[in-house]
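Please keep the viewer open as you read.

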Amino acid sequence: MIENPWLHGLVLGLVVVAVVMGVAAFSIWYERKFAGLLQNRPGPTEVGPWGLGQLIADAIKLLQKEQIVPAAADRPLFLLAPLLVLTAALVPLAVIPWGPGLVGADLHVGVLFALAASSLMLFPVWMAGWASNNKYALLGGMRSVAQGISYEIPLLLSATVPIVLAQSFRLGDIVAAQEGLRWFALWPPGPGTLAFGLFMATALAEANRIPFDIPEAESELVAGVTVEYTGMNFGMFYLAEYLHTFIASALGAALFLGGWDMGPLGAGLHWMVLKTLVLFAGIFWVRWSLLRLRSDQLMELCWRWLVPGSLLLVMAAALWVHLT
Amino acid sequence: MAVSAAPAVSSSLATRWTEVGGVRVPVELVTPGWPDPHMDLSTYDPEADLMALNMGPQHPSTHGVLRVKVWLDGETVVKAIPYVGYLHRGVEKLCEKLTYVQITPIVDKNDYVSPMMNELAVNMAFEAALGVEPPPRAQVLRTILAEIQRIASHLISVGTWGLDMGGAIGGGATVFLYCMRERELILDLFEELTGGRFHYNTHTVGGNRHDLPAGWDRKAIEVLDRIVARSEEYERFLVDNPICHQRARGIAVIDPLLAMECGASGPILRGSGVDFDLRRDAPYAAYDQVELRVPVRTEGDALARALVRIDELRESARVAKLLLQGVPEGPICALKPVKLPGAVKLQEGEQVYVGIESPRGELGTWLLANTDRKLGPHPYRLKIRPPSLHALSLLPYLCPGHTLSDVVVIIGSLDPILGEVDR
């Protein structure tokens with residue numbers, strides 16, 4: 001479309017970030033309505049039709065709140081952390097393919113880039129936990145570092161399965177390899193399906209979602225790392241969490257559900273968005289119906305079952321590729 | 001009203017039992033030594049970097065304003081001390097200046113999750129002091145209200161326990177809201193009967209204030225049927241949920257001897273295999289007219305306590321339905337003018353203690369009578385024995401060795417109501 005690759009990247013990047021930020025904000029409404037229906041209550045109803053204006057009201061509320069920095073906090077780190085969290089959450093958007101050619105930067109290591117960038121989130125989260133000078137925040141930060149480091153391994157390994165099957169790190173190629181409804185979530189039946197489940201489960205852990213939301217764990221750690229944050233600083237953590245979940249859903253859709261392609265029904269941006277939103281709703285469903293695991297049980301689950309299991313899946317995928 | 005009695009013990013039949021001090025307790029739960037709640041931290045591993053953490057009084061899952069000071073080694077609790085008193089209102093002192101009839105609305109606020117029980121407890125003590133016997137209709141009415149209130153209270157208990165494990169924004173909130181939905185039906189019933197949804201002031205000395213409105217019994221039976229049907233959901237949520245099992249099974253196993261030593265009662269004691277229920281063992285109101293099946297579990301852990309509550313909820317619904325079908329006709333209050341009760345049995349300086357089975361255990365009222373000519377008969381001293389206070393005294397024994405996440409599960413399984421702890 002645009003000849004200059006720099007300009008092309010910039011324009012597309014801006015468009016993608018703007019649209020996805022809007023979608024992430026919208027998804028807060030989406031989740032609240034969804035949770036409301038799940039719990040036999042109406043959810044947001046007051047602001048605008050079906051409570052759609054609720055997120056605008058929330059944003060205004062957060063913006064006009066006082067930004068309190070605790071006296072004993074490490075001020076620069078404390079203020080930097082929410083910015084970095086949001087940045088780290090936005091970076092993976094660059095490589096997510098929304099449609100044929102609709103991608104910020106079609107890197108040849110797209111999958112690795114997205115996962116590496118999203119795991120950068122650990123640093124600002126730990127920064128926030130440390131800089132708040134609060135015991136709950138510290139415990140939350142420690143938990144999230146331990147959890148993040150552990151769960152990155154099965155996340156990356158389960159994302160390796162489609163990489164092996166498509167024989168490319170490029171997200172565009174992976175989507176192209178699934179053309180004609182040959183989704184990796186369905187075909188090959190064994191490793192693909194399991195890897196899809198594993199990817200979504202570990203993505204839940206990476207995005208600090210129930211049942212793996214122990215870094216936040218509001219019933220024991222009050223609010224974990226965000227306990228000292230107010231106003232929009234807190235809002236950025238909140239938005240980053242949604243973005244993270246949204247990106248995990250988008251990656252899941254691209255890696256395992258054929259991305260923008262829908263076989264005989266055509267291809268396009270709308271299919272990718274639809275698949276992402278369906279996965280997103282699945283994450284909500286899990287969140288609002290499960291309890292939270294304990295931190296040691298979480299680690300046990302990861303190192304005992306998920307890591308060996310994902311290694312086996314990669315081996316199975318490699319065998320499949322070798323034999324076919 | 002003959003009922004076929006089912007076996008009292010609802011969990012494993014293969015439990016081996018022993019007898020301590022005349023009480024039958026499961027062998028597996030009797031542990032050789034209890035952790036020392038007054039442990040000297042300087043004797044703990046000097047290499048360890050202990051962190052003292054104050055949970056509460058402003059903490060989302062200490063069920064009100066409980067403050068627990070925990071010393072953590074990593075995430076493992078080394079020592080835990082509960083501090084109470086943040087909700088002290090001086091109710092007992094206030095009662096010394098009020099007549100018996102005036103006290104009822106004040107004690108409503110003690111155990112604010114089951115106000116009916118507070119009213120019943122003090123009024124039974126006052127009746128014993130004044131030598132008044134409520135008429136049979138009032139007795140049955142009180143029993144029905146107590147059982148329906150027990151259901152509402154256990155719904156809150158199970159729901160908030162879900163919140164403790166699953167978070168206010170997560171699956172825990174879902175089960176909590178399901179429980180609240182059912183509790184709402186009960187509050188509607190009580191509102192129709194008494195005009196209040198929370199503080200009823202319906203019991204009085206010698207009977208009840210509010211008679212059943214027309215059709216109330218039919219409505220109540222419908223509500224109870226619905227709640228029993230839906231209680232399956234909560235049981236599925238607890239019994240068939242692997243995460244709930246992981247979080248609650250084997251957590252805070254209470255030695256029945258320790259529980260008795262601390263004065264714990266109610267579901268905590270019954271979850272630890274001690275078959276003790278005042279409704280059956282020392283019947284009051286109309287409990288002698290029904291055959292109560294007391295659920296007892298022998299695991300002694302947090303899950304067992306929650307399951308005992310769910311079983312009790314069903315049993316309460318059964319008993320209430322049974323009584324609703326045969327409410328005797330007649331007056332609902334023994335005394336014609338409710339304002340100043342005349343006949344005084346208890347002389348000045350004499351005392352009386354009455355204990356009832358509240359949803360949390362033995363809710364006792366002890367009073368020393370005073371027959372002041374000006375004020376009328378009133379307690380010289382009134383002491384309420386809150387079951388939650390005794391349950392909380394178990395906390396320092398239970399927490400050491402568990403992680404910080406377990407502390408909230410343990411507090412939730414003890415189900416304390418700080419309103420009655422601090423009074």
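**A helix across a sheet**

Let's begin in chain B, where helix α14(B) lies across β3, β4 and β5 of chain B and runs at about 150 degrees to β4(B). Angles here run from 0 to 180 degrees between N-to-C directions, with axes as lines fitted to C-alpha atoms, for helices over the stretch in contact. Two residues are in contact if their C-beta atoms, placed from the backbone, lie within 7 Å. Helices (H or I, at least four residues) and strands (E, at least two) are DSSP runs, numbered from the N terminus. A word on the source: this is a predicted model, in which local features need pLDDT of at least 70, side-chain atom pairs count only at pLDDT 80 or more, and totals for chains, interfaces and linings use all residues. Residues are numbered from 1 along each chain as its sequence is written, while chains are lettered from A and ligands numbered from 1 in the order in which they are written.

Now look at the sheet under that helix. Its three strands form an open sheet in the order β3-β4-β5 (chain B), with antiparallel pairing; two strands pair if DSSP finds at least two bridges between them. At the edges sit β3 and β5 of chain B, each pairing on one side only. On average, neighbouring strands of this sheet are turned by 20 degrees against each other, direction ignored. Between the antiparallel strands β3(B) and β4(B) there are six bridges, and B:M55 stands opposite B:V68 in β4(B).

Stepping back, how many helices and strands does chain B have? There are 15 helices and ten strands. For its 423 residues, a compact globule would have a radius of gyration near 22 Å, and the 22 Å of chain B agrees; this radius is taken over C-alpha atoms, and the globule rule is 2.2 Å times the number of residues to the power 0.38. Along the principal axes, the C-alpha atoms of chain B fill a box of roughly 70 × 45 × 45 Å. Among the contacts in chain B with a separation of 6 or more, 71% join residues 24 or more positions apart.

Chain B is divided into domain 1 (3-83) and domain 2 (91-422), with bounds from an automatic or database domain assignment. Their C-alpha centres lie 23 Å apart, and the contact takes 39 residues from domain 1 of chain B and 43 residues from domain 2 of chain B. On the domain 1 side, β2 (23-26), β4 (67-73) and β5 (76-83) of chain B each give two or more residues.

Finally, turn to the neighbouring chain. The contact between the chains takes 28 residues from chain B and 24 residues from chain A. On the side of chain B that touches chain A, α5(B) gives the most, with five residues.

Within chain A, A:A250 lies in helix α10 (residues 231-256). Why does A:A250 count as buried? Because A:A250 has 27 C-beta neighbours inside 10 Å. Leaving aside neighbours within four places in sequence, A:A250 is in contact with A:I96 and A:T276.

Key
Buried ≥ 20, exposed ≤ 12 C-beta atoms within 10 Å, placed from the backbone.
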